[in-house]
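Please keep the sequence and the structure in view while reading.

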Amino acid sequence: GALALPRAEREGHAGGDGVGPRRVPLTPMRRIIAERMSASKYSAPHYYVTVEVDMQAAKEFRGRLKAFKASYNDLVLFATARALREFPNVNARWAGDAIEEGGDVNLGMAVALPAGLMVPVIRQAQLLSLEGLCAASKALAEKAQSGKLLPDDYQGNTFTVSNLGAFGVDHFTAIINQPDSAILAIGQMKDRVVVIDGGMHIRPIMKLTLSSDHRVIDGAMAAKFMGRLREILEEAAF
């Protein structure tokens with residue numbers, strides 16, 4: 001017959017001092033995150049569009065900057081604000097009996113904190129120079145990290161950007177930060193072999209994924225927006 005297992009293995013553990021699950025009470029921030037993400041996922045029909053962006057020209061542009069520093073995240077934020085200016089129907093929200101186009105581009109910028117996620121907002125991003133946007137994003141990130149954000153700092157977003165590239169993530173999809181109708185997920189920039197004019201080249205490639213609310217943004221519109229965003233970044237049109 002079959003060999004008899006030791007009692008501990010029969011009961012589903014290997015013996016020794018077992019450690020049971022730890023109950024972590026919800027903080028107010030975690031409760032709000034849970035409620036908002038659930039409401040977004042249940043109410044907005046999400047779909048996802050991914051593009052690969054050759055960041056070679058952007059990398060060279062960044063290397064030439066002397067007057068101020070711009071992170072790759074800043075470059076994507078600036079390109080996003082510029083693309084949204086041309087696509088007001090992506091910078092929009094569902095209003096039940098109408099679709100409201102945002103007008104100003106108020107960019108939400110997801111910041112990971114030990115306690116959870118905060119999304120401070122860069123207001124009227126379409127009016128900022130690259131230098132102005134870099135300063136605004138840095139100031140908001142520092143306020144978030146030091147716990148000094150005011151309610152006005154994280155309200156009024158019309159579009160949100162989330163970047164997990166610093167964590168070594170190549171590609172992901174994000175849940176829409178309502179009342180926005182779309183969120184851009186940024187993966188890490190990574191050297192990859194690509195074919196250009198029949199030849200093999202190594203290029204720094206970044207994957208960008210747009211999550212959209214299909215009630216507001218149809219697939220073709222999302223594709224056109226992402227094509228324009230890729231074009232701005234690949235031309236380093238900053």
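This is a predicted model: local features need pLDDT of at least 70, side-chain atom pairs count only at pLDDT 80 or more; totals for chains, interfaces and linings use all residues.

Helices H4 and H5 form a right-handed crossing. H4 covers residues 72-86, and H5 covers residues 130-145. Their axes come within 10 Å and cross at roughly 120°. An angle over 145 degrees would count as roughly antiparallel and one from 65 to 115 as roughly perpendicular, so H4 and H5 are oblique to each other. On the H4 side the contact is made by Asp74, Leu75, Leu77 and Phe78, while H5 contributes Leu130, Leu133, Cys134 and Ser137. Of the residues in this contact between H4 and H5, 6 are nonpolar, 1 is polar and 1 is charged.

The next topic is the sheet. Six strands make up an open sheet with mixed pairing, in the order S1-S10-S9-S8-S4-S7. Strands S1 (46-54) and S7 (121-122) stand at the edges; each has a single partner strand, so one side of each is left without a neighbour in the sheet. In general, the strands of a sheet pair through backbone hydrogen bonds, in either the parallel or the antiparallel sense.

Within this sheet, strand S9 (residues 182-196) pairs with strand S10 (residues 199-213) in the antiparallel sense, over 13 bridges. Helix H4 packs on the sheet. The strands that H4 touches are S4 (107-109), S7, S8 (159-163), S9 and S10, and the direction of H4 makes about 155° with that of S8.

Terms used. Residues are numbered from 1 along each chain as its sequence is written. Side-chain values use heavy atoms; hydrogens and water are left out. Two strands pair if DSSP finds at least two bridges between them. Helices (H or I, at least four residues) and strands (E, at least two) are DSSP runs, numbered from the N terminus. Contact means heavy atoms within 4.5 Å. Axes are lines fitted to C-alpha atoms, for helices over the stretch in contact, and angles run from 0 to 180 degrees between N-to-C directions. Angles under 35 degrees count as roughly parallel, over 145 as roughly antiparallel, 65 to 115 as roughly perpendicular and the rest as oblique. A crossing is left-handed if the near helix is turned anticlockwise from the far one by less than a right angle, and right-handed if clockwise. Ala, Val, Leu, Ile, Met, Phe, Trp, Tyr, Cys and Pro count as nonpolar, Asp, Glu, Lys and Arg as charged, and the others, Gly among them, as polar.
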